[in-house]
Structure formats: C-alpha cells, structure tokens
Amino acid sequence: MWNETFGWISVSASLVMGLVMGVKFQREDWLGGYNAFPRRMVRLAHVALAALGMLNILFAQSLPRLHLEPPPLRTAAFAF
C-alpha cells in the first residue's frame, strides 16, 4: 500500500515545516504574533502532519498481521 510512502513524506514535510517555522520564530510580527490565529493553525498543522504521518507508517507496518480481505483493507488504507 501507499500508506508507508505517504507517511514518510508527511513526516519529512513536517520536519521541513518545523525548520521554516523555527527560522521565522524570533520575528514577533510573523503571522500576526505568537497568539494570532493563523500562527496557531500553522503550529497545529505542523504537529498534525507529523502525527498523521507516523500513524500511516504504523498502519502500513501492521498490514501483514491484520488478515483482512482486500475491500476492507483498501477502505482502511484510504481512510488513513
């Protein structure tokens, strides 16, 4: 399944996103300041991207132990 590839891409994108945020973190006016809504959403997206990527990797690693038929397996893979 493509879940493991997508998971690693998500984790890598999260690391790059964190790097960009870290470089601009010291600027008080970046995205409206620390408590501004856009900046909070960017921080939330950074964490969510890493977490969803890890979940996709773990799902792909557990596929051999699931013993599911192909239709439910495809549905679960697509849902992730």
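The legends below describe close-up views of a predicted model.

**View 1. Helix H2 along its length.** Helix H2 covers residues 37–66, which makes 30 residues, and from its first C-alpha to its last it reaches 41 Å, close to the 44 Å expected at 1.5 Å a residue. The helix bends by about 30° at alanine 60, and proline 64 follows within four residues of that position. Just after H2, histidine 67 takes a positive phi of about 55°.

**View 2. The buried side of helix H2 and its partners.** The buried residues of H2 are Arg39, Ala50, Gly53, Asn56, Ile57, Phe59, Ala60, Ser62 and Leu63, and they pack against helix H1 (3–24) and helix H3 (70–79). Alanine 60, listed among these buried residues, is also the place where the helix bends. In an α-helix there are 3.6 residues a turn, so residues three or four places apart point the same way.

**View 3. Arginine 39, a buried charged residue.** Arginine 39 is found in helix H2, where it is buried yet has no salt bridge. The nearest side chain of opposite charge belongs to glutamate 28 and is 5.6 Å away, which is not a salt bridge because that would need a side-chain nitrogen of Lys or Arg within 4 Å of a carboxyl oxygen of Asp or Glu. When its neighbours within four places in sequence are left aside, arginine 39 is in contact with Phe25, Arg27, Glu28, Trp30, Leu31, Gly33 and Tyr34.

**View 4. The salt bridge between aspartate 29 and arginine 27.** A search of the whole structure finds one salt bridge, and it joins aspartate 29 to arginine 27, with the closest N and O atoms 3.7 Å apart. Aspartate 29 is exposed, with a relative accessible area of 57%, whereas arginine 27 is partly exposed, with a value of 45%. Arginine 27 lies in the loop between H1 and H2, and its C-alpha atom is separated by 28 Å from that of isoleucine 9, the two residues being 18 residues apart along the chain.

**View 5. Leucine 31 in the loop between H1 and H2.** Leucine 31 lies in the loop between H1 and H2, and its phi is near 55°, a positive value in a residue other than glycine. With 33% relative accessibility, leucine 31 counts as partly exposed. The contacts of arginine 39 include leucine 31, as do those of valine 42.

View 6. Valine 42 is found in helix H2 and, at 23% relative accessibility, counts as partly exposed, since a residue is buried under 20%. Apart from neighbours within four places in sequence, valine 42 is in contact with Met17, Met21, Trp30 and Leu31. Valine 42 and alanine 13 are 29 residues apart in sequence, and their C-alpha atoms are 13 Å apart in space.

**View 7. The aromatic pair of tryptophan 2 and phenylalanine 6.** The count of aromatic pairs comes to one. The rings of tryptophan 2 and phenylalanine 6 have their centres 5.7 Å apart and their planes at 80°, so the pair is edge-to-face. Tryptophan 2 is partly exposed at 42% relative accessibility, and phenylalanine 6 is also partly exposed, with a relative accessible area of 38%.

Key. Residues numbered from 1 in each chain as written. Predicted model: local features only at pLDDT ≥ 70, side-chain atom pairs only at ≥ 80, totals over all residues. Heavy atoms only, no water. Buried < 20%, exposed > 50% of the residue type's maximum accessible area, 1.4 Å probe, protein only. Helix = DSSP H or I, 4+ residues; strand = E, 2+ residues; numbered from the N terminus. Expected span 1.5 Å × (residues − 1). Bend = angle between axes of the 7 residues up to and from the residue. Contact = heavy atoms within 4.5 Å. Lys, Arg positive; Asp, Glu negative; His and termini not counted. Phe/Tyr/Trp six-rings, centres within 6.5 Å; stacked < 30°, edge-to-face > 60°.
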